[in-house]
Amino acid sequence: MRELAPGLWHWQARHPDWESSEPWDPNVSSYAIDDGERLLLFDPLGVPEEILERAAERETAIVLTAPWHERDSESLVERLSVPVYTARPDSAQFLMDTYGITAEQAGDGSPDVVWLLTEGKGEARVYEAGDRLPGGIETFQGHKPNDLVLWIPSKRAVVSGDTLVDFGQGLEINERWLEMHRVTREQVVEGLRPLLELPVEHVLATHGGPFAREDLERALA
């Protein structure tokens, strides 16, 4: 774990579901932000004990950039009894329209965070692009409606799940699923261009990272 700036930490842990066919590195990134009163954990996996100790002294919450980035969220909710900010998972209709599967195959939709939203094992705080989260965090849609890019003004930081990634070529727009989701790279760039008008210093990609402002400028060029 390293402190990128006062109250801003980064660490990596091996993703338990990684397979050799994946383009991303098995070690993924998580981040924590502490403003002295509130501690936010972003896409947490393998949270260091030092951060967990802080959670006992702060108003703590988990923030997911996408519902499928839940990672260690369920076990952390059991341990810490903290709320989870998440977008809604893919609906059955979305899965049928996107992947051409049947209603039977789609079932009730994506199983992401079902323990939180359906089974009632924690406090869900559902958000979507355009909503404002604690600490004045602004939210932008990424390459999917439920894959969000976050602006944290207090740390001059952007947090991204699967939209801005490093799959071995540096920070870039993830083009892997654009055609499938009927969106172009240009549309994604246009939606994120307002970030370049902000005083960004840190770009906290959860696949790779962290990066600097100039990396974001190149990715959105």
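Me: Okay, buried means under 20% relative accessible area, exposed means over 50%, and partly exposed is anything in between, using a 1.4 Å probe and protein chains only. How does E49 count on that scale?

Reply: E49 is partly exposed, at a relative accessible area of 42%. Before we go on: this is a predicted model, where local features need pLDDT of at least 70 and side-chain atom pairs count only at pLDDT 80 or more, while totals for chains, interfaces and linings use all residues. Residues are numbered from 1 along each chain as its sequence is written, and side-chain values use heavy atoms, leaving out hydrogens and water.

Me: Got it. How many salt bridges are there in the whole structure?

Reply: General idea first: side chains of opposite charge can pair when their charged atoms come close. To count as a salt bridge, a side-chain nitrogen of Lys or Arg has to be within 4 Å of a carboxyl oxygen of Asp or Glu. Searching the whole structure turns up 16 of them. Take E49 and R79, whose closest N and O atoms are 2.9 Å apart.

Me: Which helix holds both R213 and E217?

Reply: That's helix α7 (residues 213–219), where the two are 4 residues apart, about one turn of the helix.

Me: What about pockets: what volume does the largest one have?

Reply: Rolling a probe the size of a water molecule over the atoms shows where empty space is left. On a 1 Å grid over the protein atoms alone, a pocket is an open set of points where a 1.4 Å probe fits, with protein on both sides within 12 Å along at least five of seven lines; lining residues have an atom within 4 Å of a point. Volume is the space filled by probe spheres set on the points, which are joined across faces, edges and corners. Here, the largest pocket comes to about 660 Å³. It has 24 lining residues, and the closest to its centre are W68, H69, D112, D162 and W177.
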